[in-house]
Amino acid sequence: MTNKDLADLLYPNITKTIDDLEKMYPQRDLPNGAEVCRFAPSPTGRMHMGNLYASFVPEVMAKQTDGVFILRIEDTDNKRAIENGIQLIIDDLENYNYIINEDPIDGGNYGPYIQTERKEIYHIVAKYLVSISRAYPCFCSEDDLADMREQQEKRKERIGYYGHYAKCRNLSYDEVKKHIENGDKWVLRLKSMGDFNKKRVFKDLVKGTIELPENDIDQVLIKSDGIPPYAFAHVCDDHFMRVTTVTRDDSYISSVPYHLELWDACGFKAPKFAHLLPLNIKDGNTIRKLSKRKDPEAAVSFYHEKGIPVEAIKLYFATIMNSNFEGWYLQNPDKSYRDFKFSFNKMSKSGPIFDLEKIINISKNYLSRLSAKEVYDNLLVWADKFDKDFASLIKKYKDYTINILNIEREQKKPRKDFSCYSEIKSHIWYMYEELFNTENKNYEWQNITNKDEIKNILESYINKYYNASDDKDVWFEKMKLLAEELGYAANVKDYKNNQEAYKGSIVDISMVIRVALTTKSMTPDLYEIMKLLGTDEIKKRIRLL
RNA sequence: GGCCUGUUGGUCAAGUGGUUAAGAUGCCACCCUCUCAAGGUGGAGUCACGAGUUCAAUUCUCGUACAGGCUACCA
């Protein structure tokens with residue numbers, strides 16, 4: 001009996017061959033140097049920052065080489081899949097404006113893009129491996145394997161299905177046939193030719209040259225449910241999707257020798273590998289992988305709710321991906337991260353620690369460079385979801401709100417008050433009549449405690465000096481005049497040099513007006529605020545006291 | 001247990017057989033200033049430990065410690 005007979009016995013319904021697949025999924029016609037990369041998540045739940053970063057890297061690399069970015073769903077472990085998982089992943093990726101060329105929903109020429117729908121492809125390759133005697137069926141039960149493991153542990157041997165432990169390796173055709181006719185459950189195993197005492201050397205784009213023992217374990221290629229585990233699926237998929245660079249979690253690195261044996265056995269040319277370090281987080285004194293459950297800041301929704309712009313998150317990803325990005329971006333603040341030349345070998349070899357503080361800083365800088373109109377539009381989108389009352393307020397006062405947001409913005413050194421959209425309201429609420437009248441007001445008078453003096457300053461100002469049409473210089477001159485009239489120093493230095501001669505300084509004068517109008521001791525430019533508030537509102541607020 | 005990988009200021013991190021060991025962020029001080037936010041200037045603070053090779057080691061080698069990963073019909 002030949003291997004071909006065994007192949008036909010195991011896969012009687014598979015008629016296509018590897019050659020057919022090669023024709024169905026031809027080499028891609030792409031420019032020189034174009035990378036085909038993919039993000040291959042399991043649909044086990046919502047994306048978190050770790051996933052988002054893991055997809056950022058291949059997307060960027062594909063795009064900057066005019067290549068292709070593929071989304072492939074690895075759902076071979078259907079125990080863990082959740083309903084709707086695929087759509088949730090696509091939603092998050094699109095929310096982050098990743099450009100996906102091929103995915104399960106919109107398709108592509110190299111699909112299907114869901115592993116459980118690629119069963120036939122796996123079986124074609126599996127049948128081929130049987131036919132060249134590189135794979136064989138194994139009928140060992142879970143108990144058999146547990147016994148084997150126990151024995152190996154007792155003898156302090158390596159655990160696994162290898163060497164003389166690979167009992168089913170030498171089953172005859174007739175024995176196999178009998179099992180099959182009995183309807184016995186079976187898995188397909190690789191017939192490994194590796195030698196554990198020899199080293200397999202390979203190059204990882206991130207980590208450099210790595211040396212690991214060859215694989216000698218007859219790993220499972222096809223599970224008893226007919227679906228392959230990760231490794232075999234990866235080889236078939238990445239080959240026939242014509243992926244040029246495989247990016248994946250660093251934890252796969254120790255199984256690369258096995259994967260390479262598979263690539264070789266199938267007769268496929270292995271792609272380049274880039275093993276990415278996972279995002280870590282500092283938890284007390286220990287460092288661990290970012291966890292969806294333990295870390296609220298790991299959830300993508302955390303950033304939606306806070307209103308941290310997705311662009312800022314991507315800038316953060318760019319900085320941790322290639323640390324020289326940060327310096328480049330400082331020099332080129334107007335450019336897109338797309339213009340930066342990323343490379344795998346600039347990636348850190350130790351896992352980056354997820355740093356919320358850094359994200360906030362990046363976000364702050366990013367927001368400060370937006371135009372008032374852009375901030376307004378984004379703020380409205382955020383508020384529509386998370387603060388409906390505020391949304392309708394800024395819709396009602398659209399131009400007014402844009403003007404508020406434009407205070408000390410759209411200039412060389414703009415203000416950097418807020419790091420996310422959810423913080424904006426707390427900075428500008430007092431500009432709205434509605435909010436000013438309804439919020440609990442806590443006037444921050446600081447060290448100015450004398451009510452009569454406060455009234456005196458305000459009345460003098462509003463009656464003798466205030467004029468809505470003054471420009472900023474005139475406005476400030478008048479503040480100085482007011483100060484002098486009331487016995488305050490017109491400039492701070494005079495006061496500092498001679499504190500006894502004055503009741504205070506212009507600082508106190510402007511502070512009284514500032515607090516009276518806004519309740520806050522710290523605000524942006526007072527002149528701008530007063531201009532926007534307008535005479536009526538100013539007078540109303542002064543009268544309130 | 002076995003096999004990999006990593007460890008540079010508080011944090012994120014460049015980098016090298018001879019460097020004043022970048023930069024960012026955070027902190028402190030000062031300047032500017034009507035408050036704030038910025039901006040400017042300055043400051044404190046680092047090559048995990050122990051051997052070895054070398055004229056010279058943060059860099060190369062070995063060991064130790066610590067951390068992470070793999071060791072499934074999970075991915």
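Let's start where the protein meets RNA: the surface near RNA strand B is made up of 24 nonpolar, 17 polar and 21 charged residues. Here Ala, Val, Leu, Ile, Met, Phe, Trp, Tyr, Cys and Pro count as nonpolar, Asp, Glu, Lys and Arg as charged, and the others, Gly among them, as polar. Keep in mind that this is a predicted model, where local features need pLDDT of at least 70 and side-chain atom pairs count only at pLDDT 80 or more, while totals for chains, interfaces and linings use all residues. Residues are numbered from 1 along each chain as its sequence is written, and chains are lettered from A and ligands numbered from 1 in the order in which they are written.

In total, 62 residues surround RNA strand B, and E74, D77, S350, P352 and I353 are the closest. A residue counts as near if its C-beta atom, placed from the backbone, lies within 6 Å of the molecule or strand. Several elements supply at least two residues each, among them α6 (142-154), β6 (208-213), α13 (356-369) and α23 (526-543). Helices (H or I, at least four residues) and strands (E, at least two) are DSSP runs, numbered from the N terminus.

Now step back to chain A, which splits into domain 1 (4-11 + 120-276), domain 2 (282-368), domain 3 (371-432) and domain 4 (451-543); the bounds come from an automatic or database domain assignment. Taken over C-alpha atoms, the centres of domain 1 and domain 4 are 80 Å apart.

Next, have a look at an open sheet of 3 strands, ordered β3-β4-β7 with antiparallel pairing. Strands pair if DSSP finds at least two bridges between them. Because β3 (135-138) and β7 (220-222) are at the edges with a single partner strand each, one side of each has no neighbour in the sheet. Between β3 and β4 (residues 187-190) there are 4 bridges, and P137 sits opposite L188 in β4.

Finally, two helix pairs. The axes of α8 (residues 230-240) and α9 (residues 256-266) come within 10 Å and cross at roughly 45°; axes are lines fitted to C-alpha atoms, for helices over the stretch in contact, with angles from 0 to 180 degrees between N-to-C directions. The axes of α14 (residues 372-386) and α16 (residues 398-405) come within 8 Å, crossing at roughly 120°.
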